[in-house]
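What follows is a walk through one model, taken sheet by sheet and then helix by helix. Please keep the structure open while reading.

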Amino acid sequence: MTEQIDAGMVARQVAESDELGEPVPGRREVGAARRRKEDARLVTGRTRWTDNIQLPGMLHVAFVRSPMAHARITRVDVSAARRLPGVVAAFSGRDLAAEQGGLPCAWPVTEDMVLPDHPPMAVEEVRYPGEAVACVVATDRYLASDALEAVEVDYEPLPAVLDMTRALAPDSPRVHPEGNRAFVWKFAAGDADAAFRDAPVVVERTFVQQRLIPTAMEPRAVVAQTDGDSFTLYSATQIPHVLRVMLAITTGIPEHKLRVIAPDVGGGFGSKLQVTAEEVLALLLTRRLGRPVKWTESRSEGNLTVHHGRDQLQRVSLAAGADGRLRGLKVDLLADMGAYLMLVTPGVPLLGAFMYNGIYKMDAYDFTCTGVFTTKMPTDAYRGAGRPEATFAIERLMDELAAELGLDPVEVRRRNWIAREEFPYATIAGLTYDSGDYAAATDRALELFGYDALRAEQAARRERGDPVQLGIGVSTFTEMCGLAPSRVLGSLSYGAGGWEHASVRMLPTGKVEVVTGSSPHGQGHETAWSQIVADALGVPFEDVAVAHGDTGVSHKGMDTYGSRSLVVGGMAVLRACDKVREKARQIAAHLLEAAADDLEFTEGSFRVRGTGAARTIQEVALATFAAHDLPDGVEPSLDSDATYDPDNFSYPHGTHLCAVEVDTETGATKIRSYVAVDDVGRVVNPTIVTGQVHGGLAQGIGQALFEEAVYDADGNLLTTTMADYLIPSAADLPEFVTDRTETPATTNPLGVKGVGEAGTIASTPAVVNAVVDALRPRGVTDVPMPCTPQRVWRAIQEAAG
């Protein structure tokens with residue numbers, strides 16, 4: 001049985017780690033602020049990114065992309081491009097139509113969902129700007145790019161479809177012949193009509209979740225090669241295992257003849273949780289030409305064609321009593337699918353369906369989501385995937401409810417959240433939260449923030465009519481993460497499971513190799529997994545190596561997304577360690593001439609209780625390798641595999657507080673201070689946790705204040721470069737104050753919860769609540785995101801009449 005990690009021990013370990021993050025001798029690794037093993041190569045760039053790969057005879061691919069949002073393709077002529085120096089081949093979509101298949105969607109959320117065919121390269125019609133219509137293959141990437149100008153394409157323009165509400169009108173132009181409604185998905189619990197009937201307070205709002213463009217540090221890149229009937233695909237992907245299966249289905253290449261490798265990947269945030277057109281086409285081109293091919297996107301190409309995030313219209317209503325206690329919640333959601341349904345596009349808004357209730361108790365809940373096709377780049381998973389949108393809605397509503405009742409925003413939350421003693425708690429949305437302490441996280445955040453002093457300063461500024469007003473934003477949140485269990489995903493028609501796989505190999509010299517199915521793209525798996533294994537097997541942290549991201553090495557896995565790495569992948573590693581230890585116990589007992597039940601395992605050694613006799617696990621590993629003296633019927637191997645499928649999701653939570661200064665004369669907003677107190681259960685590595693929170697905060701603040709994908713009236717994307725699509729820099733962000741409370745998860749042996757998306761989920765409503773709070777005395781009740789100076793100034797002017 002897996003040994004539990006003592007919570008007090010973890011806290012002491014963190015406190016007693018030295019300032020360099022190195023553990024004190026004799027203490028456990030789990031809980032130590034270890035420096036990341038990966039950083040020596042990642043930070044210095046001495047590593048293997050996909051674009052660094054150079055293969056003999058390699059060719060380069062460039063794509064002709066549609067300049068139009070919606071049009072019929074009447075002619076594609078690649079003949080002139082084929083004659084240019086250095087050009088090896090050029091193809092139109094029609095040239096590849098017989099073999100390119102369609103890009104997969106793995107989440108048919110309803111039985112009648114409209115699922116249009118999605119060719120990797122358009123053949124008859126383009127439905128979003130940037131869709132590939134032809135490609136050129138050349139000996140040099142610049143020759144390939146230059147040759148695109150020689151490809152002639154004629155289009156017959158069709159009407160763009162941009163507005164979701166208008167798209168559902170009967171007379172709207174159609175994106176697909178079946179219409180613009182992709183699906184309607186409903187969920188209801190309790191009697192919502194009764195909850196709203198005669199409710200003393202009803203708050204109704206409409207919020208817009210603007211479209212976002214994921215901006216990973218490393219652009220997407222693909223290298224494909226063939227060796228006879230076998231293929232290898234290198235890709236900057238989050239999902240090498242899922243990608244292998246889907247590519248085999250799409251291209252017809254037998255799965256056992258296809259190897260997918262994700263080298264070091266420079267960030268993903270969901271944007272690389274995808275089966276892309278470029279991955280499919282790279283395989284088809286290398287199969288046709290018999291030579292390796294490479295494609296690396298430019299930043300402007302990425303803004304056009306990496307799947308986008310969010311883009312929802314939320315019509316929400318909250319019913320409450322005169323004391324502020326919640327009665328019911330209604331959500332009517334329009335979700336922009338873009339032009340096609342990609343890998344998990346339709347499921348993203350439904351992940352949020354289970355989180356609109358947040359941390360609060362209520363009697364009834366009614367949710368409807370309508371997926372809508374438009375002539376934009378498809379949306380799909382982006383950090384948080386549905387949960388940031390849900391958290392934003394409920395946390396904005398709680399502030400609006402507080403304003404309606406004249407209550408402090410923290411107080412109205414206290415009156416409604418689930419109390420510590422009520423866990424495990426079955427929510428109105430049908431989930432069971434296993435543990436939490438919302439009061440503890442909030443109290444600690446208020447203390448660090450100096451909440452009362454800031455409220456006093458705010459009152460003083462308001463009284464003297466200061467043109468720079470102070471706003472205070474509150475966000476108390478929880479999320480469902482660790483995407484699993486498989487049975488629950490199956491009930492939601494998801495096309496895969498939620499399990500994860502790991503292998504642990506004891507080498508003859510006592511070193512340890514770990515093979516993990518979760519594929520990192522910056523999260524620090526190699527370090528965290530080494531810490532878990534070091535404690536579980538009693539070996540030095542430095543003696544553990546972790547392999548990942550290659551289906552030829554790690555043959556089985558479900559990859560990394562949805563904050564599932566530690567709570568699912570890490571638990572698979574721990575279970576594999578349990579099996580190694582139990583195998584070693586049998587051999588150690590034989591060597592010590594004792595019964596296995598008489599052995600205790602401590603600090604890496606098997607000891608006979610009551611005696612001094614002992615064998616280290618390294619000694620057992622060497623004896624197993626020699627196989628000179630093993631028990632009868634015992635194979636000479638300690639290596640073990642484990643596949644872990646959790647029984648429940650993971651539910652981290654926290655309280656985030658933000659103070660902003662808003663210049664009412666110019667609309668300029670500056671974050672003055674930000675406090676985040678998160679509860680992610682027990683912590684394996686505090687440094688990694690803090691880094692994940694900081695990165696998440698930057699993305700959530702980006703949505704609140706800076707980022708938006710903008711299309712013009714003809715459907716052209718205007719934000720195609722980083723000069724047009726603004727992401728926050730270090731200069732735009734405050735010095736974050738972070739801390740943690742700890743309520744261990746009860747659903748896994750380490751008591752850990754997910755952390756990768758927490759900062760993004762919590763920060764956006766905290767910032768927007770702060771902006772609105774600063775302006776509420778002026779009659780402002782909402783500022784559409786992003787809260788740019790122009791939008792803030794306009795909101796002030798409109799409220800003034």
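How many of the 11 residues of β18 are buried? The model is a predicted one, in which local features need pLDDT of at least 70 and side-chain atom pairs count only at pLDDT 80 or more, while totals for chains, interfaces and linings use all residues. Residues are numbered from 1 along each chain as its sequence is written, and side-chain values use heavy atoms, with hydrogens and water left out. In β18, 10 of the 11 residues are buried, so the strand is largely enclosed by the rest of the structure. Buried stands for under 20% relative accessible area, exposed for over 50%, and partly exposed for what lies in between, with a 1.4 Å probe and protein chains only. Strands here are DSSP runs of E with at least two residues, helices are runs of H or I with at least four, and both are numbered from the N terminus.

Strand β18 belongs to an open sheet of 4 strands, ordered β18-β26-β27-β28, whose pairing is mixed. Two strands count as paired if DSSP finds at least two bridges between them. The edges are formed by β18 (468-478) and β28 (736-740), each of which pairs on one side only. On average, neighbouring strands in this sheet are turned by 10° against each other, direction ignored. Such angles are taken between axes, which are lines fitted to C-alpha atoms (for helices over the stretch in contact), and run from 0 to 180 degrees between N-to-C directions.

β18 and β26 run antiparallel and are joined by 11 bridges; F477 has G654 in β26 as its bridge partner. At the other end of the order, β27 (residues 669-679) and β28 run parallel, with 5 bridges between them. There D678 stands opposite R740 of β28. Helix α21 (residues 758-775) lies across β18, β26 (653-663) and β27, and its direction is at about 145° to β18. Contact between such elements means heavy atoms within 4.5 Å.

V410 sits in helix α13 (residues 409-414) and is buried, with a relative accessible area of 6%. Apart from residues up to four places away in sequence, V410 touches T442, L446, Y451 and V474.

Another open sheet also has 4 strands, in the order β21-β20-β19-β25, and its pairing is mixed. Its edge strands are β21 (544-547) and β25 (640-644), each pairing on one side only. Neighbouring strands in this sheet are turned by 20° against each other on average, direction ignored. Helix α18 (residues 565-592) packs on the sheet, where it touches β19, β20 (512-516) and β25, and its direction makes about 145° with that of β25.

Within this sheet, β19 (residues 500-506) and β25 run antiparallel and are joined by 5 bridges. One of the residues involved is E500, whose bridge partner in β25 is Y644. H501 also lies in β19. Is H501 buried or exposed? With a relative accessible area of 5%, H501 is buried. Its side chain reaches the backbone oxygen of A642 at 3.2 Å, inside the limit for a polar contact, a pair of N or O atoms within 3.5 Å; within protein, one atom must be able to donate a hydrogen and the other to accept it, and residues adjacent in sequence count only if both atoms are side-chain atoms. Beyond its neighbours within four places in sequence, the contacts of H501 include V515 and T516, H555 and K556, A572, and D641.

Helix α12 (residues 387-405) has 19 residues and reaches 27 Å between its end C-alpha atoms, close to the 27 Å expected at 1.5 Å a residue. That expected span is 1.5 Å times one less than the number of residues. Of the 19 residues of α12, 16 are buried. Just after the helix, G406 takes a positive phi of about 70°.

Helix α9 (residues 277-289) has 13 residues and should span 18 Å, which agrees with the 18 Å between its end C-alpha atoms. It is largely enclosed by the rest of the structure, because 10 of its 13 residues are buried. Among them are A277, V280, L284 and T286.
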